[in-house]
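Thanks for coming. I will take a few minutes to go through one structure, and I will keep to what can be read from the model.

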Amino acid sequence: MIKKFIHQFASPKTYMFQVNRAYPYIFYFSVIIYSLSVFWGLFLTPEDFVQGNSYRIIYLHVPASFISQSLYLAMAIASAVYLIWKVKLSVYLVRSIAPIGAITTFIALISGSIWGIPTWGTWWVWDARIVSTLILFIMYLGLISLHDSFNNFEKADKFLSILVIVGSVNIPIIKMSVEWWSTLHQPASITLSEKPAIDLVMLYPLFGSIIGFAGIVTCLVILSSKFQIFRREKNKSWVNDYV
Amino acid sequence: MKPIRKKRLMSVLLILITSALGSYLIIKALDSNLDFFYTPSELTDQEIPNNKRIKVGGMVLEGSVLREKTKIEFVITDYKGSIEVVFDGVVPDLFKEGSGVVVLGYLNEKTLYAEEVLAKHDENYMPPSIDIGN
């Protein structure tokens with residue numbers, strides 16, 4: 001049963017059908033959730049006791065940073081699935097996530113820089129957290145250009161997935177950078193082991209903004225994956241139903 | 001799992017382990033060079049030559065800030081060691097006694113002549129009304 005279900009969903013044709021059906025719901029749900037959370041965060045929560053109003057960029061910076069790392073983990077899992085089970089759709093997804101990951105990492109870097117000016121007094125320093133995030137951004141770009149530099153898709157897919165797995169060691173490094181080394185960036189406010197260091201009135205809209213941002217990014221990944229599927233399966237007859 | 005897939009799973013794990021090991025060795029070799037700043041107690045433990053540009057981070061000692069026109073003098077402490085800082089310029093808004101700071105400057109006769117002062121804030125966020133004065 002489960003095996004059959006997985007086999008079906010792993011076919012680009014079924015994936016396309018299901019994703020098209022779910023897309024509008026995810027889109028409207030996440031846009032509404034994100035807008036409401038940001039409105040809540042910007043206008044209905046109090047100032048921070050140290051940073052005043054400038055902390056409010058947290059409702060962009062934290063979702064973007066969190067999602068940029070999560071997308072990489074998703075890519076690493078999809079790469080492993082491709083390498084082990086040779087599921088084509090899986091590697092299409094790896095290639096589709098890469099540009100979206102680059103965009104979210106870029107947003108994280110830019111919003112962090114903007115936040116740094118009023119609080120730290122600088123927009124850029126070479127501390128471990130910022131450099132490891134910059135490496136993540138460069139890795140996303142590198143993976144895209146690596147995949148596109150091959151003439152042969154099979155080879156490209158293989159090298160892409162291997163390199164994604166090699167690069168996944170950077171994710172725990174980003175996460176732990178603020179613990180392992182002295183950095184200008186502060187340690188995490190929300191951890192699994194401890195009570196959040198951020199007050200509940202600010203935490204609720206933050207959670208909302210993370211969920212909403214994740215939904216919007218999911219929509220972008222879906223669009224990007226549709227493009228990759230069309231690109232790769234353009235000779236299949238079912239594709240003609242969509243164009 | 002079919003034997004061929006088991007084999008592929010093993011190679012995926014092998015890739016993961018080798019790259020983790022490789023990064024671990026690199027990080028180990030770089031050691032404290034990855035730190036963004038020295039703490040004041042590290043400065044007293046190590047010999048740092050005069051006129052070398054370094055970054056020192058810690059807390060601004062309460063009651064140590066002296067201002068004279070644009071000049072400002074204060075003490076950075078990590079509650080184990082401390083160092084005096086002299087700076088001429090604009091400090092960030094978040095700079096205040098008892099909060100975090102990172103200073104870039106030259107060490108001379110146990111005094112740090114600062115070129116740049118950055119504020120470091122912690123991970124706590126809360127409304128001003130419940131500020132209990134920590």
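The cut-off for exposed is 12 or fewer. Please keep in mind that this is a predicted model.

Where in chain B does B:Asp31 sit? Its place is the loop between helix H1 (3-30) and helix H2 (40-45) of chain B. The backbone there has a feature to point out: phi of B:Asp31 is near 50 degrees, which is a positive value in a residue other than glycine. As background, most residues other than glycine have a negative phi.

A second residue to look at is B:Lys69. Phi of B:Lys69 is near 50 degrees, again a positive value in a non-glycine residue. B:Lys69 lies in the loop that runs between strand E2 (66-68) and strand E3 (71-77) of chain B. Is B:Lys69 buried or exposed? B:Lys69 has 6 C-beta neighbours inside 10 Å, so it counts as exposed.

Now to chain B as a whole. Its secondary structure consists of two helices and six strands. Read from the N terminus, the order of the elements is α-α-β-β-β-β-β-β. The radius of gyration of chain B is 22 Å, while the globule rule gives 14 Å for 134 residues; the value is well over the rule, so chain B is more spread out than a compact globule. The C-alpha trace of chain B spans about 75 × 45 × 25 Å along its principal axes.

How much of chain B is buried? Buried residues account for 24% of its 134 residues. As for contacts within chain B, take those between residues at least 6 apart in sequence: 48% of them join residues at least 24 apart.

Last, the contact between the two chains. Chain A gives 37 residues to it and chain B gives 31 residues. On the side of chain A that touches chain B, the elements giving two or more residues are helix H3 (58-85), helix H4 (88-119), helix H6 (153-167) and helix H8 (200-232) of chain A. H3(A) supplies the largest share of that side, four residues. By residue type, the side of chain A that touches chain B divides into 25 nonpolar, eight polar and four charged residues.

That is the end of my part.

Notes: Residues are numbered from 1 along each chain as its sequence is written. Chains are lettered from A and ligands numbered from 1 in the order in which they are written. This is a predicted model: local features need pLDDT of at least 70, side-chain atom pairs count only at pLDDT 80 or more; totals for chains, interfaces and linings use all residues. Two residues are in contact if their C-beta atoms, placed from the backbone, lie within 7 Å. Ala, Val, Leu, Ile, Met, Phe, Trp, Tyr, Cys and Pro count as nonpolar, Asp, Glu, Lys and Arg as charged, and the others, Gly among them, as polar. The radius of gyration is taken over C-alpha atoms; the globule rule is 2.2 Å times the number of residues to the power 0.38. A residue is buried if 20 or more other C-beta atoms lie within 10 Å of its own, exposed if 12 or fewer, and partly exposed in between; C-beta atoms are placed from the backbone.
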